Amino acid sequence: MRFVYLGLIVLITLAVITFKVQNIDTVTVTFLARSLTLSISTLILVVYVLGMLTGSLVLSLIGKWIRRATSPRR
């Protein structure tokens, strides 16, 4: 089983490296009169990480609201 996991890690790593090499074109992103030029693969990675962070924050906030709404009053 250990070799299966190792193989999966190698395959995923190769897929990420292939994606990075094939998407080296640069794009310019403008937001609030500021611009940033970076590769497409880096932009996708940054957007993905920001989506994970904001998604988890929203889910935890909704969970807190539900717990407070359903808890008995003191």
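Analyst: Two strands are said to pair if DSSP finds at least two bridges between them. Helices (H or I, at least four residues) and strands (E, at least two) are themselves DSSP runs, numbered from the N terminus. The model is predicted, so local features need pLDDT of at least 70 and side-chain atom pairs count only at pLDDT 80 or more, while totals for chains, interfaces and linings use all residues. Residues are numbered from 1 along each chain as its sequence is written, and side-chain values use heavy atoms, with hydrogens and water left out.

The part in question is the hairpin of β1 and β2. These strands run antiparallel and are joined by 6 bridges. Across the pairing, Phe31 stands opposite Arg34 in β2. The hairpin has 2 residues between its strands. Leu32 lies in the loop between β1 (26–31) and β2 (34–39), and Ala33 is found in that loop as well.

Most residues other than glycine have a negative phi. Leu32, however, takes a positive phi near 50°. Ala33, which is not a glycine either, has a positive phi of about 65°.

A residue is buried under 20% relative accessible area, exposed over 50%, and partly exposed in between (1.4 Å probe, protein chains only). Leu32 counts as exposed because its relative accessibility is 69%. Ala33 is exposed because its relative accessible area is 83%.

The protein chain has 2 helices and 2 strands, and from the N terminus on its elements run α-β-β-α. The radius of gyration of the chain, taken over C-alpha atoms, is 20 Å, well over the 11 Å given for 74 residues by the globule rule (2.2 Å times the number of residues to the power 0.38), so the chain is more spread out than a compact globule. Its C-alpha trace spans about 60 × 50 × 10 Å along the principal axes. Of the 74 residues, 5% count as buried.

Leaving aside residues up to four places away in sequence, Ser41 touches Phe19, Lys20 and Asn23, where contact means heavy atoms within 4.5 Å.

Helix α1 (residues 2–22) holds Thr18, which counts as partly exposed because its relative accessibility is 40%. A polar atom of the Thr18 side chain lies 2.7 Å from the backbone oxygen of Leu14. A polar contact is a pair of N or O atoms within 3.5 Å; within protein, one must be able to donate a hydrogen and the other to accept it, and residues adjacent in sequence count only if both atoms are side-chain atoms. Thr18 and Thr37 are 19 residues apart along the chain, and their C-alpha atoms are separated by 21 Å.

Finally, the charged end of Arg2 sits over the ring of Phe3, 5.6 Å from its centre; the rule asks for NZ of Lys or CZ of Arg within 6 Å of the ring centre and within 35 degrees of the ring normal.
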